[in-house]
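Subject: Model handover and findings

Hello,

Here is the structure I promised to pass on. Please look it over alongside the notes below.

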Amino acid sequence: SFCVMSVTYVGIGFMYFYETREHGLQFILFALLLVWLTDTGAYIFGRLFGKHKLWPLISPNKTIEGFIGGIFSSLIVAVIFGQYFDMDVSLWLLIPLTMLLSMFGQLGDLVESGLKRHFGVKDSGNIMPGHGGILDRFDSFIFVLPLLNLFLFQL
């Protein structure tokens, strides 16, 4: 069942890449920047202020302070896209949605770390040496896109 869930996790995530693209390239760009700023903010805040481990068994370097810093960093994307891109979403809806997506993006990163720990590997592949593999570059994105679709296009 673990193998089936792993394949489903990747397949559903990338299916929503296509679904999101159907609604406009700005939504893909929004998701990419949200994930990148969350990761960058979490890293910076975690390095500067991190004292409390988030989940040491899964990812020993992640901190609660970094988690919160990543959420606040992602709000930059919400403000920029709310002001300058045609997303048909009010800024007052986009801000809490961005915070939620940022949290789920970080959860996606933890799931990928858990998968790697389960299988006893350091990287999910060797195509991109030093980057943890291709799946490591898209782990957050795989969690963000289905949720983005649910909130913006299904409800």
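Phe45 sits in helix 2. Helices here are DSSP runs of H or I with at least four residues, strands are runs of E with at least two, and both are numbered from the N terminus. The model is predicted: local features need pLDDT of at least 70, side-chain atom pairs count only at pLDDT 80 or more, and totals for chains, interfaces and linings use all residues. Residues are numbered from 1 along each chain as its sequence is written, and side-chain values use heavy atoms, with hydrogens and water left out.

**Phe45 and Ser73**

Phe45 is partly exposed, at a relative accessible area of 33%. The classes are as follows: buried is under 20% relative accessible area, exposed is over 50%, and partly exposed is in between, with a 1.4 Å probe and protein chains only. Leaving aside neighbours within four places in sequence, Phe45 contacts Gly50, Glu65, Gly66, Gly69 and Ser73. Contact means heavy atoms within 4.5 Å. Phe45 and Glu65 are 20 residues apart in sequence, yet their C-alpha atoms are 6.3 Å apart.

Ser73 belongs to helix 3. Its relative accessible area is 11%, so Ser73 counts as buried. Beyond four places in sequence, Ser73 is in contact with Leu37, Gly41 and Phe45. A polar atom of the Ser73 side chain also lies 2.8 Å from the backbone oxygen of Gly69.

**Leu29**

Leu29 is another residue of helix 2, which covers residues 25–49. Leu29 is partly exposed, at 36% relative accessibility. Not counting residues up to four places away in sequence, Leu29 touches Phe81 and Phe85.

**Helix 1 and Thr20**

Which residues of helix 1 are buried? They are Ser6, Tyr9, Gly13 and Thr20. Seen down the helix axis, these residues fall within an arc of 65 degrees, so they line one face of helix 1. The arc is that of the directions from the helix axis to the C-beta atoms. The face turned away from the buried side carries the exposed residues Cys3, Val4, Val7, Tyr18 and Glu22.

The expected span is 1.5 Å times one less than the number of residues. Just after helix 1, Gly24 takes a positive phi of about 135 degrees.

Thr20 lies in this helix, which runs over residues 2–23. The relative accessible area of Thr20 is 0%, so Thr20 is buried. The Thr20 side chain makes a polar contact of 2.5 Å with the side chain of Asn149. A polar contact is a pair of N or O atoms within 3.5 Å; within protein, one must be able to donate a hydrogen and the other to accept it, and residues adjacent in sequence count only if both atoms are side-chain atoms. Not counting residues up to four places away, Thr20 touches Phe27, Ile28, Leu145, Leu148 and Asn149.

Helix 4 has 29 residues, 91–119. Helix 4 reaches 41 Å from its first C-alpha to its last, close to the 42 Å expected. Just after helix 4, Gly120 has a positive phi of about 70 degrees.

Asp88 lies in the loop between helix 3 (64–84) and helix 4. Most residues other than glycine have a negative phi. Asp88 is not a glycine, but its phi is positive, at about 55 degrees. At 74% relative accessible area, Asp88 is exposed.

**Strands**

Strand 1 (residues 53–55) and strand 2 (residues 59–63) pair in the antiparallel sense over 2 bridges. Two strands pair if DSSP finds at least two bridges between them. A hairpin of 3 residues joins the strands. Lys53 has Thr63 of strand 2 as its bridge partner.

**The whole chain**

The protein chain has 5 helices and 2 strands. From the N terminus, the order is α-α-β-β-α-α-α. Of its 155 residues, 39% count as buried. Among contacts between residues at least 6 apart in sequence, 68% join residues at least 24 apart.

Best wishes
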